[in-house]
Amino acid sequence: MGDKGTPKSGVWPTVKPFVNGGASGMLATCVIQPIDMIKVRIQLGQGSAAQVTRTMIKEEGFGALYKGLSAGLLRQATYTTARLGSFRILTNKAIEANDGKPLPLYQKALCGLTAGAIGASVGSPADLALIRMQADATLPAAQRRNYTNAFHALYRITADEGVLALWKGAGPTVVRAMALNMGMLASYDQSVEFFKDSLGFGEGATVLGASTVSGFFAAACSLPFDYVKTQIQKMQPDAEGKYPYTGSFDCAMKTLKAGGPLKFYTGFPVYCVRIAPHVMMTWIFLNQIQKLEKNFGL
């Protein structure tokens, strides 16, 4: 369920949490990508989940549901590798400092916040490419960027807008990731302890129960930040070259004024359906990867 306890010395024990985290995130993304695509379209105001799905398949074909998959996989290879790996390293160090005792919830939350910030900083370019690729079909033909894959998107962004443009919207991305990972990572470890030690659940039930709790808190904590992040990353300048928002705070204030607090929860049902299963499958895949490694003595 996690590489806990006193870590062994050597290269592999150090890099294993990062390798396992990235692999589990990429496997989960392959399953969740269509739901994520629909979520972005809903946030862009294209209708309900059913309407968006019908329109996409009718007008763009079934493959449109997997548009941006390369960017999604690249994002997991960077973002999830960094956040899950750093979270396990941080918690292992904290457990050592705590004489091997389980960490209190607030320390797990701090580790989750830190891991989220690290992961988002590393994964922000891939996240920007993913959002732009998913939103491209919603733009007028003259404004479409027509990226062919994630690496083409990164190349074009760098060539057209400069290297620093890869981190456009990085502020809200990092804040959103900190909120999501605080909810996801801390609640998972806490739930594992509760289900296993207090309720006496077996391994399978513990992983399933803890991953469900983890998915709920990840979604509940992060959607408002995800909404602002999406709006910042997809914005286009008007005829005078002005952007609709000067930054994430300006976007949040204008959104609050225009639609009230519930506007931040646009697409909430689909977001929950997307976030919670991805979190759950990430933990389940991670558990299976760790079991496989244990069988091979890794």
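User: How many cavities of 30 Å³ or more does a search of the whole structure find?

Analyst: Rolling a probe the size of a water molecule over the atoms shows where empty space is left. In this predicted model, the search returns six cavities of 30 Å³ or more. The largest cavity has a volume of about 100 Å³.

User: Which residues line the largest cavity, and how do they divide by class?

Analyst: The lining consists of Arg 75, Gln 76, Tyr 79, Arg 83, Arg 176, Leu 180, Met 184, Arg 274, Ile 275, His 278, Val 279 and Thr 282. By class, five of the lining residues are nonpolar, three are polar and four are charged.

User: Next, aromatic rings. How many aromatic pairs does the structure hold?

Analyst: A pair of aromatic rings is described by the distance of the centres and the angle of the planes. Here there are six aromatic pairs. Take Tyr 188 and Trp 283: their ring centres are 3.7 Å apart and their planes stand at 5°, so this pair is stacked. The cut-off behind that reading is that planes under 30 degrees apart count as stacked.

User: Where do Tyr 188 and Trp 283 lie, and are they buried or exposed?

Analyst: Tyr 188 is in helix α6 and Trp 283 is in helix α9, so the pair ties together parts that are 95 residues apart in sequence. Both Tyr 188 and Trp 283 are buried.

User: What do the centres and planes of the Phe 195 and Phe 201 rings show?

Analyst: The centres of the Phe 195 and Phe 201 rings are 5.3 Å apart and the planes are at 10°, so this pair is stacked. Phe 195 has 14% relative accessibility and therefore counts as buried. Phe 201, with a relative accessible area of 36%, is partly exposed. Phe 195 and Phe 201 also belong to one aromatic cluster with Phe 194.

User: How many salt bridges does the structure hold?

Analyst: Side chains of opposite charge can pair when their charged atoms come close. This structure holds nine salt bridges. One of them joins the side chains of Glu 193 and Lys 108, at 2.9 Å from N to O. Glu 193 lies in helix α6 and Lys 108 in helix α4 (residues 105-135), so this pair ties together parts that are 85 residues apart in sequence. Lys 108 counts as buried, at 2% relative accessibility.

User: Where in the chain do Arg 156 and Asp 160 lie?

Analyst: Both lie in helix α5 (residues 150-161), four residues apart, about one turn of the helix. The side chains of Arg 156 and Asp 160 form a salt bridge at 3.1 Å, N to O. Arg 156 counts as partly exposed at 25% relative accessibility, whereas Asp 160 counts as exposed at 53%.

User: Which residue forms a salt bridge with Glu 161?

Analyst: Lys 168 does, with the closest N and O atoms 3.5 Å apart. Salt bridges that share partners join Glu 161 and Lys 168 with Arg 132 into one network. Glu 161 is partly exposed at 35% relative accessibility, and Lys 168 is partly exposed with a relative accessible area of 25%.

User: What is the place of Ala 165, and is Ala 165 buried or exposed?

Analyst: Ala 165 sits in the loop between α5 and α6. Its relative accessible area is 9%, so Ala 165 is buried. Ala 165 and Leu 128 are 37 residues apart in sequence, and their C-alpha atoms are 9.2 Å apart in space.

User: Where does UniProt place the feature "repeat: Solcar"?

Analyst: The unreviewed UniProt entry places this feature at residues 12-93, 103-194 and 202-292. In the model, residues 103-194 are 74% helix and 0% strand, with the end C-alpha atoms 13 Å apart. Residues 202-292 are 76% helix and 0% strand, and there the end C-alpha atoms are 18 Å apart.

Definitions and conventions: Residues are numbered from 1 along each chain as its sequence is written. This is a predicted model: local features need pLDDT of at least 70, side-chain atom pairs count only at pLDDT 80 or more; totals for chains, interfaces and linings use all residues. Side-chain values use heavy atoms; hydrogens and water are left out. On a 1 Å grid over the protein atoms alone, a cavity is a set of points where a 1.4 Å probe fits but cannot get out, and a pocket is an open set with protein on both sides within 12 Å along at least five of seven lines; lining residues have an atom within 4 Å of a point. Grid points are joined across faces, edges and corners, and a volume is the space filled by probe spheres set on the points. Ala, Val, Leu, Ile, Met, Phe, Trp, Tyr, Cys and Pro count as nonpolar, Asp, Glu, Lys and Arg as charged, and the others, Gly among them, as polar. Rings of Phe, Tyr and Trp (its six-membered ring) pair if their centres lie within 6.5 Å; planes under 30 degrees apart count as stacked, over 60 as edge-to-face and the rest as tilted. Helices (H or I, at least four residues) and strands (E, at least two) are DSSP runs, numbered from the N terminus. Buried means under 20% relative accessible area, exposed over 50%, partly exposed in between (1.4 Å probe, protein chains only). A salt bridge is a side-chain nitrogen of Lys or Arg within 4 Å of a carboxyl oxygen of Asp or Glu. UniProt positions are given in the numbering used here, feature names are shortened, and annotations may be inferred rather than shown by experiment.
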